[in-house]
Amino acid sequence: MSVKNITSSSELDNLIRSTGKVIVQYFNPAQPDEENSVSLFELYSMDTDITFARLNPQKVQDAAQRAGFARFPAFEAYHNGVKVDQYVPHSAIGANSQNDPPLYAFIERLRDRA
């Protein structure tokens, strides 16, 4: 699987409804280490059944407002169309780093769901 870049709220809704396990990242386009999360997602997508999606909240504002996060990056996990978890780092600095244990734990929780 690959990392999908979401460009509309309808695209996000369709992905969530049609895919078993989805992690959506609402990313901060001004953050310098955004590419790290893409690398992390690509690594995980090679050996899991999780679909990873990224959404720029400045470009897909209706979906971002519906999610209700006060800051970015933020992450949501969906299983069979239902939101089952979310993760908002305490600090945006390094939040997408491959050395972010809470982000790993967040992904693992969804991966382990039956």
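Is Arg111 buried, exposed or partly exposed? At 33% relative accessibility, Arg111 counts as partly exposed, because the value falls between the 20% and 50% cut-offs. The side chain of Arg111 meets that of Asp112 in a salt bridge, with N and O 3.6 Å apart. Asp112 counts as exposed, at 55% relative accessibility.

The model is predicted. The mean pLDDT of the protein is 83, and 76% of the residues score at least 70. Among the elements, helix α1 (residues 9–18) has the highest mean pLDDT, 96. Helix α2 (residues 34–45) has the lowest, 62.

Five strands form an open sheet with mixed pairing, in the order β1-β3-β2-β4-β5. Strands β1 (3–6) and β5 (82–87) are the edges, each pairing on one side only. From one strand to the next, the twist averages 25°. Strands β1 and β3 (residues 50–55) run parallel and are joined by four bridges. Ile6 has Leu55 in β3 as its bridge partner. Helix α1 lies across β1, β2 (21–26), β3 and β4 (74–79), and runs at about 145° to β1.

The salt bridges number six. In one of them, Arg66 meets Asp13 at 2.8 Å, N to O. Arg66 lies in helix α3 (residues 61–67) and Asp13 in helix α1, so the pair ties together parts 53 residues apart in sequence. Arg66 counts as exposed, at 51% relative accessibility; Asp13 counts as partly exposed, at 23%.

Arg109 forms a salt bridge with Asp85, with the closest N and O atoms 2.7 Å apart. Arg109 lies in helix α4 (residues 101–111) and Asp85 in strand β5, so this pair ties together parts 24 residues apart in sequence. Arg109 counts as partly exposed, at 43% relative accessibility.

Definitions and conventions: Residues are numbered from 1 along each chain as its sequence is written. This is a predicted model: local features need pLDDT of at least 70, side-chain atom pairs count only at pLDDT 80 or more; totals for chains, interfaces and linings use all residues. Side-chain values use heavy atoms; hydrogens and water are left out. pLDDT is the predictor's confidence in each residue, from 0 to 100. Helices (H or I, at least four residues) and strands (E, at least two) are DSSP runs, numbered from the N terminus. Two strands pair if DSSP finds at least two bridges between them. Axes are lines fitted to C-alpha atoms, for helices over the stretch in contact, and angles run from 0 to 180 degrees between N-to-C directions. Contact means heavy atoms within 4.5 Å. A salt bridge is a side-chain nitrogen of Lys or Arg within 4 Å of a carboxyl oxygen of Asp or Glu. Buried means under 20% relative accessible area, exposed over 50%, partly exposed in between (1.4 Å probe, protein chains only).
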